[in-house]
Amino acid sequence: MLPRDLLNHVENRDTLSRLLDLGDRAIQTWDVVCSDFLSPPEITEALQVFGKMTEIHCLAWGGYEQAERQRLAIARSELPLDQSMVSLTPISISGNFLFDTATHRDFLGALLGTGIERQKVGDVNVLGEKGAQAIVVPELVEYLQLHFTQVRTVPVKVNAIAWEELKIRIPVTKELTSTEASLRLDAIASFGFGMSRSKMVDLINGEDVRVNWKTVSQPNYQLKTGDLIAIRGKGRVTIGEIMITKKERYRVQMTRSV
């Protein structure tokens, strides 16, 4: 049995405990075992925990490079892993949304309103007036074709589609450089996201800001190279090289993606 003491300091303890159970099954059966869809914080912690083990290894995949929600394939270290071993199916959710525009929340709410669990659904990408696309566990497709029939007031039809039909929005990136007196989260994030420091402090205090996919509620949190700052609906900022100027201030390079 895989050691459970690795869970002592993790944030998503219940999820990681279930993943270790899957790891035990992978060891016993000599088979590749897939988890449900995981959120970015769960993926980050899972990769850290499994990275400390020699008996097993894992691979996270959500259907495309920028996918936020991904499934984890787990297997004994002796067995190879590749993306094809992560069971996923892309679907189209088609309807005429010209006169009743639906948001990501509307599509996800309607999906979950059919009675399925959130962990069975990966990313949902809205396509405007034509509907949306989503990635789900394969065994749900027939169920959704029968029970997922409406989003807001719009009738919809669900179909499995080929991967090449998936419409992925490539993030737009912008390189930024700022000179700051400190590496405080509120100072650097306010510049990176283009908003006032007071507004950023409100977002941090409201637990709307995540660093490396973990919620940070202290405005004075100290950032470092490689940190990723995410705010739902506002994109991400990745901290690049940090240099100290002659006046002992911090020149911070960052990349914003939206």
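**Entry 1: a pair of residues**

I began with S92, which stands opposite Q133 in β6. The model I am reading is predicted, and I keep that in mind for every entry below. I then looked up the strands around this pair. β4 (89–94) and β6 run antiparallel and are joined by six bridges. I noted for myself that strands of a sheet pair through backbone hydrogen bonds, either parallel or antiparallel.

**Entry 2: the four-stranded sheet**

Next I asked in what order the strands of this open sheet lie. The order is β5-β6-β4-β9, with antiparallel pairing. I looked for the edges and found β5 and β9 (157–160), each of which pairs on one side only. From one strand to the next, the twist averages 20°. I also checked which helix packs on this sheet. It is α3, which touches β4, β5 and β6, and its direction makes about 140° with that of β5.

One bridge I looked up links V126 to A132 in β6. Four residues lie between the two strands of this hairpin. Among them I noted G128, which takes a positive phi near 80°.

**Entry 3: the three-stranded sheet**

I turned to an open sheet of three strands, in the order β1-β3-β2 and with antiparallel pairing. Why is one side of β1 (33–38) and of β2 (56–61) left without a neighbour in the sheet? Both stand at the edges and have a single partner strand each, so one side of each has no neighbour there. The twist here averages 20° from one strand to the next.

I looked at one pairing in more detail. β1 pairs with β3, residues 70–76, in the antiparallel sense over four bridges. C34 has A73 in β3 as its bridge partner. Helix α2, residues 40–50, packs on the sheet and touches β1, β2 and β3. The direction of α2 makes about 15° with that of β3.

**Entry 4: helix α2**

I wanted to know how many residues of α2 are buried. Eight of its 11 residues are, so the helix is largely enclosed by the rest of the structure. Buried means under 20% relative accessible area. I listed the buried residues as P40, P41, E42, I43, E45, A46, V49 and F50. I then looked for what covers them. The cover includes β1, β2 and β3 of the three-stranded sheet, along with α1, β11 (209–211) and β12 (214–215).

**Entry 5: P80**

I looked up P80 in the loop between β3 and β4. Is P80 buried or exposed? P80 is exposed, with a relative accessible area of 59%. I also compared P80 with H57, which is 23 residues away in sequence. Their C-alpha atoms are 9.1 Å apart in space.

**Entry 6: the largest pocket**

I then looked up the pockets. The largest holds about 1200 Å³ of space. It is lined by 36 residues, and E68, H104, R169, R232 and R236 are the closest to its centre. By class, I found 14 nonpolar, 10 polar and 12 charged residues in the lining. α3 (104–112), β5, β13 (228–231), β14 (235–244) and β15 (250–257) supply at least two lining residues each. Of the elements, β5 gives the most, with five residues.

**Entry 7: the second largest pocket**

The second largest pocket has a volume of about 240 Å³. Its lining consists of 13 residues, and those nearest the centre are R18, D36, F37, L38 and Q119. α1 (13–29) and β1 each give at least two residues to this lining. The largest share comes from β1, with five residues. I sorted the lining into five nonpolar, four polar and four charged residues.

**Entry 8: the whole protein**

I ended with the totals. The protein has six helices and 15 strands. I noted 258 residues, of which 44% are buried. The C-alpha atoms fill a box of roughly 65 × 55 × 30 Å along the principal axes. For contacts with a separation of 6 or more, 59% are between residues 24 or more positions apart.

How values were computed
Residues are numbered from 1 along each chain as its sequence is written. This is a predicted model: local features need pLDDT of at least 70, side-chain atom pairs count only at pLDDT 80 or more; totals for chains, interfaces and linings use all residues. Side-chain values use heavy atoms; hydrogens and water are left out. Two strands pair if DSSP finds at least two bridges between them. Axes are lines fitted to C-alpha atoms, for helices over the stretch in contact, and angles run from 0 to 180 degrees between N-to-C directions. Contact means heavy atoms within 4.5 Å. On a 1 Å grid over the protein atoms alone, a cavity is a set of points where a 1.4 Å probe fits but cannot get out, and a pocket is an open set with protein on both sides within 12 Å along at least five of seven lines; lining residues have an atom within 4 Å of a point. Grid points are joined across faces, edges and corners, and a volume is the space filled by probe spheres set on the points. Ala, Val, Leu, Ile, Met, Phe, Trp, Tyr, Cys and Pro count as nonpolar, Asp, Glu, Lys and Arg as charged, and the others, Gly among them, as polar. Buried means under 20% relative accessible area, exposed over 50%, partly exposed in between (1.4 Å probe, protein chains only).
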